[in-house]
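Good morning, and thank you for coming. Please look at the sequence and the model while I speak.

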Amino acid sequence: MSAKNLVIVESPAKAKTIEKYLGRNYKVVASLGHIRDLPKSQMGIDFDNNYEPKYISIRGKGPVIKDLKKAASKAEHVYLAADPDREGEAIAWHVSHILNLDPNGKNRVVFNEITKDAVKDAFKTPRSIDMNLVDAQQARRVLDRLVGYSISPLLWKKVKKGLSAGRVQSIALKLIIDRENAINAFQPEEYWTIDAEFKKGREKQFAASFYGLKNKKHALKDNAAVQDVLSKIDKKEPFAVTNVVKKERKRFPSPPFTTSSLQQEANRKLNFRTRKTMMLAQQLYEGINLGGKQGTVGLITYMRTDSTRVSNVAKAETSQFIHDEYGEAYAAVKIRQGKLPEGAQDAHEAIRPTSTLRTPESLESVLDKDQMKLYRLIWSRFVASEMTPAVIDTVAVTLDQNDVTFRANGSQTKFPGFTKLYVSSRDEDQKDNRLPDLEIGDAVKLMKTDPAQHFTQPPARYSEANLVKALEENGVGRPSTYAPTIETIQKRYYVKLNARRFEPTELGEIVNDLIVEFFPDIVDIKFTANVETELDSVETGDAEWVKVIDQFYQPFEKEVEDAETGIEKIQIKDEPAGFDCDICGAPMVIKLGRYGKFYACSRFPDCRNTKAIVKEIGIICPKCHEGQVVERKSKKNRVFYGCSRYPDCDFVSWDKPVGRDCPVCGHFLVEKRSKAGVQVVCPNQDYQEQLQK
């Protein structure tokens, strides 16, 4: 006997989890993602007919479609239970189309978490397919196809085959390049600080820093300014405590995770790449076999969401858990509702565990190492968001002598609140700093001063977390697109990761220059964010998808036409290198390869002589003071720095010189890159500047 009801989901893991909950009258099968899409070989959009997409069955999906049709023909009722978002709605719509289901029939089932209760409840209230959601997904797909398939062929003609341009990836690339330009244009400025140690009577020494003169903030631009301040201080005389300000500060927990904040925090705290985070979250959502009576259960709610909303059931369960585990003082009675970001889709809840009672410790035997790290992060962040704030006592003390003012800041945790469980990566460096009991009129002795020279730091390159944050803050793309976007610009070799930071390649800069010149709208953040808002309006039924596409395409079509003629004029020719091949004597030329420009013999393929083009970094060699420091590559493709006058000058360094000398020993300073960030240091370990994260 075949099951009366057929349920179609995207993935086999999800199918397995759901089938167990529904019982033997239900058969659950997977469509393995999308089954229809636009063709790869052509644009696939009917411009004369309201941008009608010409869908075809995805190559290789024939057997899947055949099996779905066969199973549907035997079932009395077909349910479409794809994921609860635009993409899922579109998959359900495509499946209903190939199975000839009634488009208005109530056969769409959605649940935000894969647990027995949620799944069973969902099957009590099936609905018809939401065409607004489908249209929003279609509009995105069509728009991305228009951009990609219009610009990419121009790049092939102009630069080389295999390149691509896309709506969101072009902006991500431009953000990285704009940041690189800001770094290159940055001029460091010198400034100084004076840290000091003071002592009250027999109590422990405490730290304070120079604040200003005559109780007004005073900047120290150079060593002369420092000496001027120090000359005013009488070392024999004590400093007087002239002001003590005590305050009580509250620190509130971060809201539970959205897709974007999860990607950022997993990158910062766990070193996970965006793609890895989403893959692990998908596994936790679709179901993990817990063994015994529990069987397979979805451990977290749906992982694509812009919302920080939490269901009342989850709040009640978590409140009870916090009461039992930590005590009443730690449970937030009044729940703080996080503000929704602009354009957030509040169809879902935040990302949270499906049951707070499933603590990370209780799952140690069933989750692998990485699943456990991510689950622990989601669980802790969520439970902490339902806890009371931390209470911190702060004290600011002003110390004066001869019009010279120092300030000391102390802080002490009065009540840990949520920090007992979780501290976000942004707050990790907040430590307690206890000062002795000081009152106005107290005399304290200056034990030592420690002046230090600093230089202002250039802006840091983007990490994956910062890039996701920048895309979200600018309203470009949506959380589900960040992982594939970041992957694409690396796969195309437009950017590379250097010490976990994005650095543009020469190829990326060439492509970006072209798009900025010929398609300014594509890389205009406001324009793209506006398009995103319009697409969201399609989802809520407030805009018609064809109109949204048309408004975008009319001016874009003109840009494409102009680019077709404009780009022809500036075809990249093989530039003469200005010297001859040392093997066959023919002129050498500059060619553009996957990793940027290089020298090659003009008689290729008869002569295959090539040479790397060394890149000057704009710094004079610290050894001979004549040559330029150039970037070279070792046989293992590792970057190192040498003198352009080699072999006459044998200067070499793995670390990049910064063009300044150590103020302590005079050795040239270098940039050290590590997982923690970038730091300017002296190789003799006499001096270091603050770490740039």
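In which sense do β28 and strand β29 pair, and over how many bridges? β28 and strand β29 (residues 677–681) pair in the antiparallel sense, over five bridges. Two strands pair if DSSP finds at least two bridges between them; strands (E, at least two residues) and helices (H or I, at least four) are DSSP runs, numbered from the N terminus.

Let me state the basis of these values. This is a predicted model, in which local features need pLDDT of at least 70 and side-chain atom pairs count only at pLDDT 80 or more, while totals for chains, interfaces and linings use all residues. Residues are numbered from 1 along each chain as its sequence is written, and side-chain values use heavy atoms, with hydrogens and water left out.

I turn now to aromatic rings. The whole structure holds 23 aromatic pairs, that is, rings of Phe, Tyr and Trp (its six-membered ring) with centres within 6.5 Å; planes under 30 degrees apart count as stacked, over 60 as edge-to-face and the rest as tilted. Why is the pair of Y79 and F123 edge-to-face? The ring centres of Y79 and F123 are 5.1 Å apart and their planes stand at 75 degrees, so the pair is edge-to-face. Because Y79 lies in strand β7 and F123 in helix α4, the pair ties together parts 44 residues apart in sequence.
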